[in-house]
Amino acid sequence: QVQLLESGGGLVQAGGSLRLSCAVSGRTFSSYDIAWFRQAPGKAREFVATIQWSGGSTAYAASVKGRFTISRDMAKSTVYLQMSSLKPEDTAVYYCAARPYGDPAYVDWGQGTQVTVSS
């Protein structure tokens with residue numbers, strides 16, 4: 001099992017930036033994908049971005065591509081989500097999640113961090 005702890009959420013004005021952090025620990029996660037998801041009030045949870053821990057390959061949801069950047073610091077065992085040009089519709093609880101390579105489902109989840117973008 002992988003443990004995930006998010007931080008960095010807060011209140012920001014539209015057009016602003018925020019960086020979320022996800023501290024990763026537990027069993028060997030070098031063969032894992034680490035992803036960010038988000039869930040807005042009354043809406044389903046949606047995929048935001050993912051990164052392959054060892055190779056660094058990334059993928060993004062169309063709604064955030066070009067505005068958000070996912071990265072990892074292997075020395076700090078931390079995954080980041082740099083969010084820029086934020087919009088009110090980015091308001092949500094952001095979750096970090098992990099899955100072993102090849103698994104269809106993300107099996108380990110953090111507790112989430114709230115991001116609120118004011119207009």
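What follows is a walk through this predicted model, from its overall build down to a few individual residues. Residues are numbered from 1 along each chain as its sequence is written, and side-chain values use heavy atoms, with hydrogens and water left out.

Let's start with the big picture. The protein has eleven strands and zero helices, where strands are DSSP runs of E with at least two residues, helices are runs of H or I with at least four, and both are numbered from the N terminus. The C-alpha atoms fill a box of roughly 40 × 30 × 25 Å along the principal axes. The radius of gyration is 13 Å, which agrees with the value near 14 Å that a compact globule of 119 residues would have; this is taken over C-alpha atoms, and the globule rule is 2.2 Å times the number of residues to the power 0.38. Of the 119 residues, 42% count as buried, meaning under 20% relative accessible area with a 1.4 Å probe and protein chains only, whereas exposed is over 50% and partly exposed lies in between. As for contacts (heavy atoms within 4.5 Å), residues 24 or more positions apart account for 54% of those with a separation of 6 or more.

Now for an open sheet. Four strands line up in the order β1-β3-β8-β7 with antiparallel pairing, and two strands pair if DSSP finds at least two bridges between them. β1 (2–7) and β7 (68–73) sit at the edges with a single partner strand each, so one side of each has no neighbour in the sheet. From one strand to the next, the twist averages 20 degrees, using lines fitted to C-alpha atoms as axes and angles from 0 to 180 degrees between N-to-C directions. β1 is joined to β3 (residues 18–26) by six bridges, with L4 opposite V24.

β7 and β8 form a hairpin with four residues between them. Most residues other than glycine have a negative phi.

What about the interior? The largest nonpolar core has 30 residues, and I34, W36, V79, L81, M83 and Y94 have the most contacts inside it. Such a core is a set of buried Ala, Val, Leu, Ile, Met, Phe, Trp, Tyr and Cys residues joined through side-chain atoms within 4.5 Å. Beyond four places in sequence, I34 touches residues including V24, I70, V79 and C96.

Finally, look at R38 in strand β4 (residues 32–39), which counts as buried at 5% relative accessibility. Its side chain makes polar contacts with the side chains of E46 at 2.6 Å and Y94 at 2.9 Å. A polar contact is a pair of N or O atoms within 3.5 Å; within protein, one must be able to donate a hydrogen and the other to accept it, and residues adjacent in sequence count only if both atoms are side-chain atoms.

Conventions:
This is a predicted model: local features need pLDDT of at least 70, side-chain atom pairs count only at pLDDT 80 or more; totals for chains, interfaces and linings use all residues.
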